[in-house]
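Dear colleague,

I am passing on a structure that you have not seen before, and my notes on what was found follow it. Please read them with the model open beside you.

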Amino acid sequence: MYAQMVKSEASNDDPHLLAAFQARIDAGEKIEPKEWMPEGYRKTLIRQIGQHAHSEIVGQLPEGNWITRAPTLERKAILLAKVQDEAGHGLYLYCAAETLGISRDEMTEALLSGKMKYSSIFNYPTLTWADMGAVGWLVDGAAIMNQVPLQRTSFGPYARAMVRICKEESFHQRQGYDIMMKMAQGTPAQKAMAQDALNRFWYPSLMMFGPSDKDSVHSAQSMAWKIKMNTNDELRQKFVDQTVPQAEYLGLTIPDPAVKWNEEKGGYDFSEPDWAEFFEVIKGNGPCNAERIEARQKAWDDGAWFRDGLMAHAAKQRAAKVAAE
Amino acid sequence: MSSEWPLWEIFIRGQHGLNHRHVGSLHAPDAEMAVKHARDVYTRRNEGVSIWVVPSNAITASSPSDKGPLFEPSNAKVYRHPTFFDIPDEVGKM
C-alpha cells in the first residue's frame with residue numbers, strides 16, 4: 001500500500017502492561033500519544049505512518065510532471081488542486097508520526113538516506129496525459145481501499161488524519177476516472193493512449209497492496225494492534241472486484257487474460273503481479289527511484305536558505321517586539 | 001544554522017456561532033506564517049471562518065495516568081443529571 005512491507009517490531013515490555021494495552025485495543029479504545037504504549041507499537045507506527053507520509057510527498061512528483069502540460073486550463077487547475085491535496089496529506093501524516101517522538105527533519109533525512117521507504121508505485125514514470133487518469137483512478141483507488149479501514153485504526157492521530165484524507169481522496173479518484181472517460185470516448189488515438197496507461201499501471205497498482213499473505217510476515221502483530229486492518233490479499237481482491245467493471249464501462253481491457261468472474265468465490269480471478277519486479281523496485285532499482293530521491297534531495301537542499309531565512313526573520317521580529325515594549 | 005520550524009496547534013471555527021475546534025498541527029516559523037499555512041492546509045474546502053494558532057509547547061495537558069482521580073469525582077455525582085429526578089407527569093414538561 002502506501003505503506004508496504006512495514007516490519008513490525010517486537011516488544012520487550014512488561015507482560016502485564018502489554019496485556020492491558022491489548023485489552024484496550026480489543027475493546028476498540030483509541031491510543032493517544034502521551035499514553036503508555038509498547039515500544040514495538042511506537043516504532044512500527046513511526047515506520048508505517050512515516051512511509052505513508054513520504055508516499056504522499058513523493059507521489060506529487062509523477063503528477064506534478066504534467067501540471068504545465070495539462071490539455072486545458074480547467075484540467076490544469078484541477079490537477080494543481082489535487083497535487084496540493086497530496087502535500088496536505090503528507091503533512092497530516094507527518095504530524096501524526098511526530099506525536100510518537102520523531103521529528104519532521106529526522107523523517108526527511110531518513111527518506112533521503114534511503115532508511116525509510118515510500119510506496120513502490122511512485123517509481124514508475126508518467127509518460128502521457130492518460131497516465132494522470134490512470135493514477136487517479138487506479139493508484140488513488142487502491143489507496144482508498146487501504147485508507148478507508150484505517151480510519152478505524154487504534155492510534156488516534158493516525159485515525160483522525162485518515163478521516164481528513166479519505167474525504168479528499170474521493171475527489172482524486174473521480175478526477176482520474178473523469179480523465180479516463182474523456183480519453184476512452186475520444187479519438188481512436190486517445191482511446192489507445194488510455195488503454196496504454198491502464199496496461200502500464202495495472203500490475204504496479206496491484207503491487208501497492210504488498211506481497212501475498214502467504215509471504216507477508218509482518219501482518220499478525222500489526223493486525224492484533226489494529227494498525228493494519230485487512231490482509232494484503234483481501235484488499236487486492238476488493239480492488240480488482242471494484243475496478244474490473246469500471247474498466248468495462250470505459251471499454252478498456254484489463255491487461256490480464258486470466259481476469260474472469262468466479263461465481264463460487266464471488267469475486268474475480270486474476271494473475272499475481274511479478275513479485276521479482278516488486279522487490280527490485282523496493283530495493284531501489286525501479287525506473288524512477290533515483291530521479292524521485294534526487295528531486296526530494298534538491299528540494300530539501302534548495303529550500304534550506306528559505307527555511308533558515310524565515311526563522312531568522314521570526315527571531316528578528318520577536319526581538320523588535322521586545323525592544324518596543 | 002538549520003533549526004526546525006516550531007510546531008503549532010491549529011483551531012478552526014467551522015461556521016459562525018460554533019466553537020473553534022482543534023483540527024491538527026503544523027510547522028511554521030512564526031504565528032503569522034502559521035495562520036497562512038493553516039489556511040492552505042486546513043481550509044482548502046471552505047472548512048472555516050476563523051483560525052487560531054497556538055504554539056504546541058504552550059499547551060498544558062492533563063496526564064493520561066490521572067484520568068481516574070481527575071474525572072472519577074464527577075462520575076460519582078449522578079444527581080447532577082436531570083434524569084436523576086422523577087417529576088410527575090401531571091406537572092408537564094420540565
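Helix H7(A) has a kink of about 30 degrees centred on Glu168(A), the bend being the angle between axes fitted to the seven residues ending at a residue and the seven starting there. Over its 29 residues, 156-184, H7 of chain A should span 42 Å at 1.5 Å a residue, and its end C-alpha atoms are 42 Å apart, which agrees; the expected span is 1.5 Å times one less than the number of residues.

This is a predicted model, in which local features need pLDDT of at least 70 and side-chain atom pairs count only at pLDDT 80 or more, while totals for chains, interfaces and linings use all residues. Residues are numbered from 1 along each chain as written, chains are lettered from A and ligands numbered from 1 in the order written, and side-chain values use heavy atoms, without hydrogens and water.

Chain A holds 13 helices and 2 strands, taken as DSSP runs (H or I, at least four residues; E, at least two) numbered from the N terminus. Of its 325 residues, 52% are buried, meaning under 20% relative accessible area with a 1.4 Å probe, protein chains only.

The largest nonpolar core has 45 residues, of which Trp129(A), Trp137(A), Val139(A) and Phe239(A) touch the most other members; such a core is a set of buried Ala, Val, Leu, Ile, Met, Phe, Trp, Tyr and Cys residues joined through side-chain atoms within 4.5 Å. H6(A) gives this core its largest share, 10 residues.

Best regards

How values were computed: Buried means under 20% relative accessible area, exposed over 50%, partly exposed in between (1.4 Å probe, protein chains only).
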